Amino acid sequence: MRALVLAPLTVADLGEVAVIENVSFTAPWPTSAYTTELTTNRLARYVGARINGTLVGFGGIWLMVDEAHVTTMAVLPANRRTGVATALLLELLQEARRGGARVATLDVRVSNSDAQRLYRAFGFAEVGRRIRYYDDNGEDALVMTTAELESPTQLAIEAALRTRVEEGFARA
Ligand SMILES: CC(C)(COP(=O)(O)OP(=O)(O)OC[C@H]1O[C@@H](n2cnc3c(N)ncnc32)[C@H](O)[C@@H]1OP(=O)(O)O)[C@@H](O)C(=O)NCCC(=O)NCCS
């Protein structure tokens, strides 16, 4: 069974991050943006996922006092729909709790149904819309938020997802 290894992203990972970023987004962030995130943004927490030594996905949050904002999440196309993003988001929400966040929020393109399914599975619900938020195509963003991270409902959702991920991947 494949082992999935999660670890904080470092500057040494950014070559592999760029590969995933460029195949995942129509408006990829430049490597310089990730360098800033990892070296100077004290609110930022990024986690990478490796299988057999290869970075297959990563995601990040900003810890803004009592709110954790999911900034990005991407998985190599060949490794999608196997639970990698679920494992990453489980880890990021745990990091959010450790950092004192009460809820998690995010923005997602209205057309991005894959990502929305992932987020809805985590209990994120739509609470608003940012009109023409994305510069590249003028698309709207959905604003989504979780319930209270410490609520029994949220903890139960994540416990069920954790069981599913652990069945899919060997523990590293
Ligand atoms: C959105 C994205 C990050 C999801 O990544 P992923 O690794 O495929 O997500 P997961 O595998 O954890 O979950 C996706 C599906 O796999 C299923 N899955 C399969 N095996 C699984 C397992 N062992 N454990 C958990 N889920 C599993 C999930 O049920 C889910 O099914 P669904 O899509 O039918 O609901 C990925 O599609 C991506 O990189 N997209 C491009 C970048 C992007 O849009 N990022 C989001 C920006 S807001």
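Let's start with what Gly 57 touches: beyond its neighbours within four places in sequence, Gly 57 is in contact (heavy atoms within 4.5 Å) with Ile 20, Val 47, Gly 48, Ala 49, Ala 74, Val 75, Val 84 and Leu 88. A quick note on the source: this is a predicted model, where local features need pLDDT of at least 70, side-chain atom pairs count only at pLDDT 80 or more, and totals for chains, interfaces and linings use all residues. Residues are numbered from 1 along each chain as its sequence is written, and side-chain values use heavy atoms, with hydrogens and water left out.

Back to our glycine. Gly 57 belongs to strand β3, residues 54-64; strands here are DSSP runs of E, at least two residues, and helices are runs of H or I, at least four, numbered from the N terminus. Is Gly 57 buried or exposed? Gly 57 counts as buried because its relative accessibility is 0%, and the cut-off for buried is under 20%.

Now, the ligand. Its surroundings hold 21 residues, and the closest are Met 73, Arg 81, Gly 83, Thr 86 and Asn 112; a residue qualifies if one of its heavy atoms lies within 4 Å.

Which elements give two or more residues to the shell around the ligand? They are β4 (67-75), α3 (84-98), α4 (113-121) and α5 (152-168). The largest share, four residues, comes from α4. Thanks, everyone!

Terms used:
Buried < 20%, exposed > 50% of the residue type's maximum accessible area, 1.4 Å probe, protein only.
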